[in-house]
Amino acid sequence: MSLYTGRGGQKSQQGVPYVMREALNTDEGLKLAQLNDSTSIKKLTTGGWDCTVGSEQRENQSEGVRFQDELRPIPYLLRTKRSKRCPACRHILSKPENKVTSTRYKIRLVARSYIPTITIRPLQPTANPIPVTYRPGLSQEGPLKPLRPCQYILTFKNPLFESIKVSLATPNVTPGRFASIVTVLCPQFEIDANTDMWDDALKDDGRERNDGSNQVEVGKIWERGRNWVSIILEVVPASLVSDPSKLPLKDGEDILEIPMFVRMEWESDGQNDMGTPLGKERDGREKRELAYWCVLGVGKIAQE
């Protein structure tokens with residue numbers, strides 16, 4: 001920038017800096033326009049139509065040009081990396097790295113980062129699990145036996161830094177032609193906040209274990225950890241034996257999937273919310289609520 005400001009690389013200079021002016025003659029770099037038509041005709045004769053500029057190139061030039069040797073470089077549109085914040089809570093949603101050549105993000109949060117993670121596994125797994133390929137994400141256990149009750153462990157992991165209250169609701173029977181019976185033994189429970197992992201060591205691992213000797217009870221949490229809770233889900237798979245007069249078994253009807261409605265409540269600080277006047281802060285905590293539907297893939301029902 002010293003070329004344009006006239007500072008000459010000096011760190012400090014008294015007075016108004018010298019501003020670079022335009023060239024006045026050819027010795028200073030002034031290039032006179034060639035207005036002779038014979039020169040243009042000569043260029044067209046030697047170079048042909050390929051030596052001329054197109055309409056798009058002519059529009060990007062500051063001065064009117066006709067030939068490619070008269071083109072000048074145009075400024076390149078620079079791109080900037082910007083961080084994005086939530087307009088309500090001012091939390092950083094995405095923050096790219098400062099390195100110019102890097103396309104990675106230091107922080108990149110999506111909606112899934114604010115809802116509990118749900119995992120399902122059988123209470124009594126089989127000795128030799130059978131790999132399944134009929135649908136990804138389902139249990140690696142063998143096929144479910146019809147009309148035989150089976151129990152599963154549902155684990156909910158809290159990603160928030162506040163404790164949440166979770167309420168679950170499922171239909172008594174699954175939708176579809178073959179209805180299975182579903183029972184959630186503990187539909188309401190509370191999950192602790194997502195604190196530092198070292199807190200587990202300070203609180204004797206912070207985990208309430210169930211050694212399996214205790215029987216499954218209604219309304220009782222099976223296992224609890226730092227920021228997660230496990231409950232019991234009981235399922236009675238339906239029988240796939242259909243009436244010969246009805247339609248045969250369709251593709252996917254032997255897969256047991258349970259729709260579940262999840263409702264969570266928690267309290268967060270009311271500061272930096274939308275509508276708060278400048279210079280003022282809200283006192284106390286604000287109650288928040290989130291509800292959504294999800295589908296649990298249990299497994300495949302055996303055909304008798």
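**Overall make-up**

I began with burial, and of the 304 residues of the chain, 27% count as buried. I note here that I am reading a predicted model. Going through the secondary structure, I found four helices and 12 strands in the chain.

I looked up an open sheet of three strands, which run in the order S1-S2-S3 with antiparallel pairing. Strand S1 (84-85) and strand S3 (105-108) are at the edges with a single partner strand each, so one side of each has no neighbour in the sheet. Between S1 and strand S2 (residues 92-96) I found two bridges in the antiparallel sense, and Arg85 stands opposite Ile92 in S2.

**Cysteines**

How many disulfides does the count give? It comes to zero, taking a disulfide as a pair of cysteine sulfur atoms within 2.5 Å.

**Charged pairs**

I noted six salt bridges in the structure, and I looked into several of them in turn.

In one of them the side chains of Glu253 and Arg177 meet, at 2.6 Å from N to O. Glu253 lies in the loop between strand S10 (228-236) and strand S11 (255-269), while Arg177 lies in the loop between strand S6 (164-169) and strand S7 (181-184), so this pair ties together parts that are 76 residues apart in sequence. Both partners are partly exposed, Glu253 with a relative accessible area of 23% and Arg177 with one of 36%.

Next I followed Asp254, whose side chain meets that of Lys300 in a salt bridge (3.6 Å, N to O). Asp254 is in the loop between S10 and S11 and Lys300 is in strand S12 (residues 285-300), so parts 46 residues apart in sequence are tied together. Is Asp254 buried or exposed? I found Asp254 buried, at 9% relative accessible area, whereas Lys300 counts as partly exposed at 27%.

Last, I looked at Glu265 and Lys287, whose closest N and O atoms are 3.7 Å apart in their salt bridge. This pair links strand S11, which holds Glu265, to strand S12, which holds Lys287, across 22 residues. Glu265 is buried, with a relative accessible area of 16%, but Lys287 counts as exposed at 60%. Through shared partners, salt bridges join Arg263, Glu265, Lys287 and Glu289 into one network.

Methods:
Residues numbered from 1 in each chain as written. Predicted model: local features only at pLDDT ≥ 70, side-chain atom pairs only at ≥ 80, totals over all residues. Heavy atoms only, no water. Pairing = 2+ DSSP bridges. Buried < 20%, exposed > 50% of the residue type's maximum accessible area, 1.4 Å probe, protein only. Salt bridge = Lys/Arg side-chain N within 4 Å of Asp/Glu carboxyl O.
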